[in-house]
Amino acid sequence: MLWEILHHKNLQAYYNLLEVLEKRIPDPNLKDYESRLIHSMYLLSENLARKKGMRIGKDGSIEPTAIFIGHHNIEIGDNVIIGSYCNLRAVDEKIIIGNNVLIGQLVSIIGANHICKAKNVLINAQGVESKKIIIHDDVWIGSNSLILPGVTIGEGGVVAGGSVVMDNVEPYHIVGGVPSKVIGKRSDA
Ligand SMILES: CC(C)(COP(=O)(O)OP(=O)(O)OC[C@H]1O[C@@H](n2cnc3c(N)ncnc32)[C@H](O)[C@@H]1OP(=O)(O)O)[C@@H](O)C(=O)NCCC(=O)NCCS
């Protein structure tokens, strides 16, 4: 039904459906249908994530194409932006994201590794090892970066686009590259 509505451009029907689904009316300040449609999709994806057990603060924005695994182990603070096609996977340990964090597009935050050391046992049969990931307040993670299990990014840290972060990032440090190294530090304006 949703597919039919979207592909026949019956946007009013789509809004009616969303109002039923979300029990709320899309933001009336957004005047045109396209803005209201996009806004509704954001609300819908955020509400679905909440329903699945993810803790999400207020005033943030989650692109509808972001993927989450292990919702009950993911905690997101206030005013956090998660860009398109991000991939957050928390298996047995938490992914904790503070307040005012910006996560660009196509960022992967992966809380577990497949155990793969034994060559005579299928990787599939060796299980996984999970480690907590903590991203503190005021962090910016550039697009296409990969944050590996166990990493903590200190307050105010910046991860340059396309980085693979294996080690902790000190507060207000800027890291970049594969594997990431310190490429700069933030200073007072
Ligand atoms: C990290 C970033 C902000 C740095 O910008 P900048 O301050 O203008 O930095 P510069 O271009 O002066 O580069 C400074 C150093 O960092 C290195 N560097 C910059 N970006 C890098 C990257 N993505 N990966 C690895 N190294 C990088 C440069 O090579 C340079 O090294 P050098 O001093 O040895 O020559 C920027 O390069 C970046 O990656 N932005 C991400 C953009 C993005 O993903 N936006 C998504 C929207 S949320």
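A quick definition before we start: two strands count as paired here if DSSP finds at least two bridges between them. Keep in mind, too, that this is a predicted model.

**Stop 1: the whole chain.** Colour by secondary structure. The protein chain has three helices and 19 strands. Of its 189 residues, 28% count as buried. Among contacts between residues at least 6 apart in sequence, 18% join residues at least 24 apart.

**Stop 2: the five-strand sheet.** Select E3, E6, E9, E14 and E17, in that order: they form an open sheet with parallel pairing. Its edges are strand E3 (67–69) and strand E17 (164–165), each pairing on one side only. Now zoom in on the E17 end. Two bridges link E14 and E17 in the parallel sense. Which residue of E17 does Ile-147 stand opposite? Show side chains and you'll land on Val-165.

**Stop 3: the seven-strand sheet.** Next, pick E2, E5, E8, E13, E16, E18 and E19. Taken in that order they make another open sheet, with mixed pairing. E2 and E19 sit at its edges with a single partner strand each, so one side of each has no neighbour in the sheet.

Work your way across it:

- Strand E8 (residues 102–103) and strand E13 (residues 140–141) run parallel, joined by two bridges. Leu-102 stands opposite Trp-140 in E13.
- E16 and E18 also run parallel, again with two bridges. Click Val-159 and look across to its bridge partner in E18, Val-175.
- E18 and E19 run antiparallel, with four bridges between them. Val-175 has a bridge partner on this side as well, namely Val-182 in E19.

Before you leave, look at the turn of the E18 and E19 hairpin. Four residues lie between the strands, and Gly-177 takes a positive phi near 105°.

**Stop 4: the ligand.** Show the ligand and its surroundings: 14 residues surround it, the closest being Gly-104, Gly-142, Ala-160, Gly-161 and Gly-176. What does the shell hold, by class? Five of its residues are nonpolar, nine are polar and none is charged.

**Stop 5: the nonpolar core.** In soluble globular proteins, nonpolar side chains tend to be buried together. Here the largest nonpolar core has 34 residues. Select Ile-74, Leu-88, Ile-95, Ile-109, Ile-147, Val-159 and Val-165, the ones with the most contacts inside it. Strands supplying at least two core residues each include E4 (74–76), E7 (95–97) and E9 (108–110), along with E12 (133–135), E14 (146–147) and E16 (158–159).

Centre on Leu-88 for a moment. Leaving out residues up to four places away in sequence, Leu-88 touches Phe-68, Ile-74, Ile-95 and Ile-109.

**Stop 6: Gly-57.** Last selection. You'll find Gly-57 in the loop between strand E1 (55–56) and strand E2 (61–62). Why does Gly-57 count as partly exposed? Because 15 other C-beta atoms lie within 10 Å, and the buried class needs 20 or more, while the exposed class takes 12 or fewer. Draw a distance from Gly-57 to Gly-77: they are 20 residues apart in sequence, yet 4.6 Å apart in space, C-alpha to C-alpha. Setting aside neighbours within four places in sequence, Gly-57 is in contact with Ile-76, Gly-77, Asp-78, Val-80 and Asn-99.

Technical notes. Residues numbered from 1 in each chain as written. Predicted model: local features only at pLDDT ≥ 70, side-chain atom pairs only at ≥ 80, totals over all residues. Core = buried A, V, L, I, M, F, W, Y, C linked by C-beta atoms within 7 Å. Contact = placed C-beta atoms within 7 Å. Near = placed C-beta within 6 Å. Nonpolar A, V, L, I, M, F, W, Y, C, P; charged D, E, K, R; others polar.
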